[in-house]
Amino acid sequence: MSALLEVSGLRKSYGEKVVLDDISLSVDTHDVICLIGSSGSGKSTLLRCLNLLEDIDDGVITFEGAEISDPRVDARRIRSRIGMVFQAYNLFPHLSVLDNCTLAPRKVQGVQRADAEARALSLLEKFGLADQAAKHPDRLSGGQQQRAALVRALCTHPTLLLLDEITAALDPELVGEVLEIVRAEAESGMTMVLATHEMSFAREVATSVCFLSEGRILEQGPPAEIFSDPREERTRQFLRRVL
Amino acid sequence: MTGWTPSQHELERRRVRRRLRTRSVLIATAMTIVVFVVLSLVVTGSPGWPQVQALFFSWPDAREALPDIWDAIWLNIKMFLIAEVFILVFGMLIAMARVSRSPWLVPLRIVGVVYTDVIRGIPTLLLVYLLAFGMPALHLQGLPNGAFFWATVALIISYSAYVAEVFRSGIESVHPSQWASAQALGLSRGQTLRHVVIPQAVRRVVPPLLNDFVSLQKDTALASVAGVFEAVFVARDYGNYNFNYTPLVVVACFFIVLTVPLARLTDWLSARYRRRELAGAL
């Protein structure tokens with residue numbers, strides 16, 4: 001059985017600036033891959049490339065056994081199988097939380113409104129947002145908004161979830177409630193690639209941790225290894241600063 | 001560059017991208033040609049086309065009327081340029097009055113609300129009549145009596161009301177967090193408006209603003225009812241004498257030529273702002 005998502009030799013540059021250089025990564029079903037590294041190391045860009053939000057400049061990305069970095073691939077079909085959550089929530093302010101969650105299932109996947117709402121409500125309920133369903137996003141706290149964004153991503157039954165520093169904009173008190181959901185999803189077997197600054201969370205949840213520096217994966221391994229006995233000096237420096 | 005050469009796979013992908021791009025260009029070209037050929041066939045193939053062509057698209061008449069129209073169109077342009085400046089200023093002032101929150105300015109706010117409500121309800125044509133014939137008839141000392149002057153004033157009054165609402169919608173579209181963060185820095189409401197909110201608001205409303213100005217360009221023709229000898233007046237005059245309306249089409253072409261550069265300029269401006277502010281991000 002080949003990997004769910006396979007990246008090899010990925011390169012991305014903006015003009016002269018090389019943002020990702022020769023990235024190779026393999027994600028199996030039920031894997032939780034944590035990308036760590038300082039800001040500007042390419043974590044977000046990598047996630048955006050995986051979701052085909054950016055055209056890559058070299059390399060291959062395969063998803064479910066087929067190459068998706070081919071320009072002829074219908075990006076919408078791939079994206080509807082991959083969920084993504086952003087640092088700034090990016091909920092649609094003109095829709096209620098429930099409508100935010102049912103938009104893609106109804107318009108992209110053609111689910112009946114009643115079915116979409118039933119699923120959204122059960123997820124909102126599970127994550128403690130049942131009483132917020134009818135409200136508009138701006139009325140919610142940051143933690144609630146980010147949980148709603150997670151529910152929105154989960155409503156489409158993605159096979160892979162990409163999380164881009166989803167707790168970076170939250171105050172520490174609210175970080176826990178969001179990570180709790182991510183942990184629950186990880187435990188129930190969701191495959192995830194996430195960029196994060198929460199090292200203790202990465203240590204507990206990740207099956208594998210990648211340390212990115214200047215657009216390269218400098219070091220990859222199980223969290224126990226990366227956090228207690230990193231191979232690279234650069235990794236050690238980074239961990240000393242953040243731990 | 002650190003000695004990177006694209007892989008075979010990447011080269012192949014570039015070929016595919018190029019092929020896809022060529023394909024979209026071809027589709028675009030083909031579709032454009034098909035649509036315009038069909039349209040022109042439908043129009044020129046219609047049973048009444050020869051009469052319509054003779055009445056509206058006659059080359060000799062266009063040539064004959066051109067010099068007079070050319071002279072008259074300057075009047076439209078002058079009127080438009082003068083009015084535009086005042087409209088921008090008054091429109092902004094009215095919009096600012098309407099979003100003011102100071103208790104001292106409540107009367108101004110009320111005036112702003114009543115002004116936009118009432119003026120937008122009055123047909124511009126009626127305003128032109130009222131001012132161009134009514135004001136001189138008042139025999140007020142020190143006011144000009146020219147039809148050109150009062151027609152321009154009528155346009156300014158009318159369009160200020162529309163433009164004020166455009167500006168106001170722009171101001172209200174700026175997120176409240178911008179107000180909060182400016183006031184947190186100690187800026188007064190007025191300073192916040194001037195330095196933070198309005199600069200963002202104006203950029204957002206450039207397209208609807210352009211809409212109003214294009215409309216204003218054409219409404220300079222309303223001055224003809226007050227006896228101003230502007231381009232549409234000249235064209236209609238020609239039509240009445242020669243039973244040919246080609247000059248009106250000529251005037252329309254002039255207006256189009258005036259509008260297009262303005263539209264391209266604003267497109268270019270807003271694209272530039274977007275590039276500068278969103279460079280690379282999201």
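Strands here are DSSP runs of at least two residues, labelled E and numbered from the N terminus. Keep in mind that you are looking at a predicted model.

**Stop 1: a strand in chain A**

Select Val19(A), which lies in strand E2, residues 17-27 of chain A. Is Val19(A) buried or exposed? Buried means under 20% relative accessible area, and Val19(A) comes in at 12%, so it counts as buried.

Now show what surrounds it. Leaving out residues up to four places away in sequence, Val19(A) touches Lys12(A), Ser13(A), Tyr14(A), Ser41(A), Gly42(A), Thr45(A) and Gly215(A). Click on Gly215(A) in that list: Val19(A) and Gly215(A) are 196 residues apart in sequence, yet their C-alpha atoms are 5.1 Å apart in space.

**Stop 2: from chain A to chain B**

Next, pick Arg11(A) together with Trp4(B). The charged end of Arg11(A) sits over the ring of Trp4(B), 3.6 Å from the ring's centre. For another example, select Arg203(B) and Tyr273(B): here the charged end of the arginine is over the tyrosine ring, 4.2 Å from its centre.

**Stop 3**

Zoom in on Val85(B), found in helix H3, which covers residues 59-99 of chain B. Its relative accessible area is 51%, and the cut-off for exposed is over 50%, so Val85(B) is exposed.

**Stop 4: rings**

How many aromatic pairs does a search of the whole structure find? Over all chains, the count is 10. One of them is Phe86(B) with Phe90(B), a tilted pair with 6.1 Å from centre to centre and 35° between the planes. Both residues lie in helix H3 of chain B, 4 residues apart, which is about one turn of the helix. Phe86(B) is partly exposed at 41% relative accessible area, and Phe90(B) is partly exposed at 38%.

Then jump to Phe149(B) and Trp150(B). Their pair is edge-to-face, with centres 4.9 Å apart and planes at 90°.

Technical notes: Residues numbered from 1 in each chain as written. Chains lettered and ligands numbered in written order. Predicted model: local features only at pLDDT ≥ 70, side-chain atom pairs only at ≥ 80, totals over all residues. Heavy atoms only, no water. Buried < 20%, exposed > 50% of the residue type's maximum accessible area, 1.4 Å probe, protein only. Phe/Tyr/Trp six-rings, centres within 6.5 Å; stacked < 30°, edge-to-face > 60°. Lys NZ or Arg CZ within 6 Å of the ring centre and 35° of its normal. Contact = heavy atoms within 4.5 Å.
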